[in-house]
Amino acid sequence: MDQMNSAEAGVIEHKAYARVGLLGNPSDVYFGKTISFSLGNFWASVKLEPSHNLVIKPHPTHDLVEFNSLDHLVSRLQSEGYYGGVRLLMAICKVFYKHCKENEINLQQGNFTLSYDTNIPRQTGLSGSSAIVCAALSCLLDFYKVRHLIKVEVRPNLILNAEKELGIVAGLQDRVAQVYGGLVHMDFSKENMDKLGHGIYTPMDISLLPPLHLIYAENPSDSGKVHSTVRQRWLNGDEFIISSMAEVANIAAEGQNVILEKNYQKLAELMNCNFDLRRSMFGDECLGDLNIEMVEVARRVGAASKFTGSGGAVVAFCPDGPSQVKLLEDACQKAGFIIQPIQLVPSCLNEVDLQTLSESN
């Protein structure tokens, strides 16, 4: 999440990037471990301008309420769904206010207008919703000058709570990646979650990662439906799910050392293993043919591949280098998938943020 410079007095603007779950997902919602990074290719930005009344501005495209025809309205809903970002901005305002009140953080008087923009493709499992919420939270922290009073580790919980208000099913992983920026190892063990209310988050150097690629489809699946039966089975004590999920978490634990050692052959194996475990737990019907095909396209040219989230997009790694990348690009084009080299962005925490981290250790 970046600060964007603005010449206008009092105008605050922040960016939050899409995120890629590299290893360990979806164990973040099962007291597991994950490694994720922010994806520089796509982002959401939120602008806060002081104003007489408090205004949440609808986006001209994403919050469309005027159509050419009934046909236009229906096709629009089928491709974009019912919801834009207005509800997300409202929810984080409410959660932020509540958190400050409960923690006796005094907020100065004054109103503002919030507006947003995003280029994160919808329904791709790249955390488009939480990027908007994350950027908005950062604007609120600066407007009310309370960045030093709300610890970095707590902020992902606020973002998640805002989404929970709206019935969005998700885990902390994405929000941690977006609050911290860069590459982060996360440990969500039950002990930490119960004791601290959040996980243990360890930033890693993004230069440790090899070149990676993002594969996604123009009209992907809905990422919110995938966790369904697995969660219930896990809660019911299903041994296969519990042991498989523990294996997924171990992939991230092992992956931390593998990345530090730049053992990219082993990284490729771990990525593939991560997807295979997910597939064995969730089943093909739940994952969806299109999502599986995105993984398979990469694997057919010998690349490692797995979901970035719960489906909709895939992260791929070509251990054999540029010639293999060319094969992958050709295969994706033939299959009708979009492929892009992944742009990595470093951690976005500033001095004040880092201060809150050192105070809590």
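## Strand S6 and its partners

Leu183 stands opposite Met204 in strand S7, and this pair belongs to an antiparallel arrangement in which S6 and S7 (residues 200-204) are joined over five bridges. The model described here is a predicted one, and the positions discussed below should be read with that in mind. Strand S3 (residues 33-51) also runs antiparallel to S6, again with five bridges joining the two, and within this pairing Ile35 has His185 of S6 as its bridge partner.

In a regular strand the side chains alternate between the two faces of the sheet. In S6, Leu183, His185 and Asp187 point one way while Val184 and Met186 point the other way, and all of them are buried. Because five of the five residues of S6 (residues 183-187) are buried, the strand is largely enclosed by the rest of the structure.

## Confidence of the model

The average pLDDT of the chain is 91, and 93% of the residues score at least 70.

## Gln178 in helix H5

Helix H5, which covers residues 173-180, contains Gln178. With a relative accessibility of 1%, Gln178 counts as buried, because the cut-off for that class is under 20%. The side chain of Gln178 makes a polar contact with the side chain of Ser130, at a distance of 2.7 Å.

## The open sheet and the helices packed on it

A separate description is needed for the open sheet formed by four strands in the order S9-S10-S8-S11, where the pairing is antiparallel. Its edge strands are S9 (304-307) and S11 (338-341), each of which pairs on one side only. On average, and with direction ignored, neighbouring strands of this sheet are turned by 25° against each other. Within the sheet, S8 (residues 213-216) and S10 (residues 313-317) run antiparallel and are joined by four bridges, with Leu214 standing opposite Val315 in S10.

Two helices can be described against this sheet. Helix H9 (residues 264-282) packs on it and touches S9 and S10, its direction making about 40° with that of S9. Helix H12 (residues 322-335) also packs on the sheet, where it touches S8, S10 and S11, and its direction makes about 10° with that of S8.

## Asn119 and the segment around Phe42

Asn119 is found in the loop between strand S5 (111-118) and helix H3 (128-143), and its relative accessible area of 33% makes it partly exposed. Although Asn119 and Phe42 are 77 residues apart along the chain, their C-alpha atoms are separated by 5.8 Å.

Once neighbours within four places in sequence are left aside, Asn119 is in contact with Asn41, Phe42 and Trp43. For Trp43, the backbone nitrogen lies 2.8 Å from a polar atom of the Asn119 side chain.

## Helix H2

Helix H2 (residues 86-102) has 17 residues, which at 1.5 Å a residue should span 24 Å, and the 25 Å between its end C-alpha atoms agrees with that expectation. Its buried residues include Val86, Leu88, Leu89, Ala91, Ile92, Cys93 and Val95, as well as Phe96, His99 and Cys100. The elements that cover the buried residues of H2 include S3, strand S4 (55-56), S5, H3 and helix H4 (155-165). Just after H2, Glu104 takes a positive phi of about 50°.

Methods. Residues are numbered from 1 along each chain as its sequence is written. This is a predicted model: local features need pLDDT of at least 70, side-chain atom pairs count only at pLDDT 80 or more; totals for chains, interfaces and linings use all residues. Side-chain values use heavy atoms; hydrogens and water are left out. pLDDT is the predictor's confidence in each residue, from 0 to 100. Buried means under 20% relative accessible area, exposed over 50%, partly exposed in between (1.4 Å probe, protein chains only). A polar contact is a pair of N or O atoms within 3.5 Å; within protein, one must be able to donate a hydrogen and the other to accept it, and residues adjacent in sequence count only if both atoms are side-chain atoms. Two strands pair if DSSP finds at least two bridges between them. Axes are lines fitted to C-alpha atoms, for helices over the stretch in contact, and angles run from 0 to 180 degrees between N-to-C directions. Contact means heavy atoms within 4.5 Å. The expected span of a helix is 1.5 Å times one less than its number of residues.
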